[in-house]
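Biologist: Before we discuss particular regions, may I see the sequence and the model together?

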Amino acid sequence: MSVEFDNNDHFNDECGVFGVFDHAEAANLTYLGLYAQQHRGQESAGIVCTDGHSFHTHRGMGLVADIFQKSEIKELSGRHGIGHVRYSTSGDSGLRNCQPFSFEYAHGGIAMCHNGNIVNAHELRRELESKGSIFQSTSDTEVLIHLVARSKAKSMKERLAEAVNRLAGGFSLLVLGEKRLVGMRDRNGIRPLVLGQLDGSWVLASETCAFDLIGAKYVRDVEPGEMVIIDENGLESLHPLENCEPKFCVFEYVYFARPDSTLEGVNVYQSRYQIGVELAKESPADADLVIPVPDSGVPPAMGFAEASGIPFQMGLIRNHYVGRTFIEPKQSIRNFGVKLKLNPNRSLIKGKRVVLVDDSIVRGTTSRKIVEMVRAAGAAEIHMRISSPPTKHSCFYGVDTPDAAELMANKMDLEEMRKAIGADSLAFVSFDGMYKAVGKPRDVHCDACFSGNYPVAIDGPRSPQLSLLKILNKKQ
Ligand code: SF4
């Protein structure tokens, strides 16, 4: 039996995007933009550049630094580029689904990539197939490509506007034409997309941390439902979608985004820190130490420590170089998978009452193993504090989640969860506490995975987005 490090007991972001228009270093900048956003997807990456005539593509499986060597970057000539990092736990993480996709159609060359999920992709695909479209991948991006290609509208922006009007879901999209770069967010702005400038050129990225690495200046977030068209005349802003209403993914603040990013005017680190402050006020604990489950548990644990006056200590040390291991463990190595990633600092923990701070509980298996590990390291008491409300529902807008039936908070009440993970006490931050920490009202956010209030209706059977890929794979 081979063992892979279990990363599945977590929500996983699906993708990150980066785009640049009219810069001599387009390929290098796109590479670095993806490198900075590697946390948004580690399964595959791709870059497409154009010199205004032909398109040059390189895509591969794995991490950005492994896929792109100097020679590959050199081949990506042109002043305009888009890139993509992808995460997928479905069986269909092969090269054919790596983005960006590029293709030739009646109006020339075009390339596309997106972060998110088109919830009506399945029915649109059926409709397009019935009209003769042939698909090469199981990615929902390809549905958009076919809609654009079939449009009779005269200009690219009209064709795109027509196509995106047919889409439902949460997505941030980049489209590279021969002479323009387009960035677009869904009508609720569920997934992030930020706009910046470097040396007079426009850049687009999922997160501002990409701008920091390349020295670009953050200008603003692309608005929900906004389409920005960048060409030799500058930037044009269009709003082709009706009924736009902001519903930004609150989980970006809690877990997905890098803490040094600022999204929708909110610094991610600050929001996580403040959630810890609110948690300490709402659910205090009599304890000797506050210990984070690294990495995303670190800022809320610091906030909890500050607000409670209990010392903060790195009682769990994370191995940052964890990849996949195929070593066969002996049955006697308890919690082997978690130990690959985290190790308790026994001399700190022994005999202490600890507050353990983590970002979420998904299936609960990892939380149980961590509590067991900290208990085995000699902790006298373990008080688990979670920097998000209980995760009870699946995400359908670009985040890989288990079926709702597998989520611990969907099956158990608080006391049952506490017992199941083996903690002495367990508490989650409240919705009020979370939004107070974020500093923005609840009604401009999506919190469906906690509340079940989905901002975009999910038609048909409610299965997580990746099930679509599984269904399609089975058919092939
Ligand atoms: S359901 Fe959860 S993870 Fe998905 S977009 Fe909404 S808040 Fe984010």
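Modeller: A strand here is a DSSP run of E with at least two residues, numbered from the N terminus. The model is predicted.

Biologist: In which strand does F171 lie, and is F171 buried or exposed?

Modeller: F171 belongs to the strand that spans residues 169–177, which is strand 8. Buried means under 20% relative accessible area. Because its relative accessibility is 2%, F171 counts as buried.

Biologist: How far apart in space are F171 and G225?

Modeller: Contacts of F171 beyond its neighbours within four places in sequence include H114, M184 and R191. G225 is 54 residues from F171 in sequence, and their C-alpha to C-alpha separation is 10.0 Å.

Biologist: Do the buried residues of helix 15 lie on the same side or on opposite sides?

Modeller: In helix 15, which comprises residues 414–421, M417, R418 and I421 are buried. They cover an arc of only 100° around the axis, so they lie on the same side of helix 15.

Biologist: Against which elements do the buried residues of helix 15 pack?

Modeller: Among those buried residues are M417 and I421. The partners of the buried residues are two helices and two strands: helix 13 (365–376), helix 14 (408–411), strand 22 (381–386) and strand 24 (425–428).

Biologist: Which elements give two or more residues to the shell around the ligand?

Modeller: The ligand sits in the second largest cavity, and 13 residues surround the ligand, with I190, C249, C395, C446 and C449 the closest. The shell divides into eleven nonpolar, no polar and two charged residues. The elements that give two or more residues to it are helix 8 (251–256) and helix 17 (448–451).

Technical notes:
Residues are numbered from 1 along each chain as its sequence is written. This is a predicted model: local features need pLDDT of at least 70, side-chain atom pairs count only at pLDDT 80 or more; totals for chains, interfaces and linings use all residues. Side-chain values use heavy atoms; hydrogens and water are left out. A residue is near a molecule or strand if one of its heavy atoms lies within 4 Å of it. On a 1 Å grid over the protein atoms alone, a cavity is a set of points where a 1.4 Å probe fits but cannot get out, and a pocket is an open set with protein on both sides within 12 Å along at least five of seven lines; lining residues have an atom within 4 Å of a point. A molecule sits in a cavity or pocket if more than half of its atoms lie within 2 Å of its grid points. Helices (H or I, at least four residues) and strands (E, at least two) are DSSP runs, numbered from the N terminus. Ala, Val, Leu, Ile, Met, Phe, Trp, Tyr, Cys and Pro count as nonpolar, Asp, Glu, Lys and Arg as charged, and the others, Gly among them, as polar. Buried means under 20% relative accessible area, exposed over 50%, partly exposed in between (1.4 Å probe, protein chains only). The arc is that of the directions from the helix axis to the C-beta atoms. Contact means heavy atoms within 4.5 Å.
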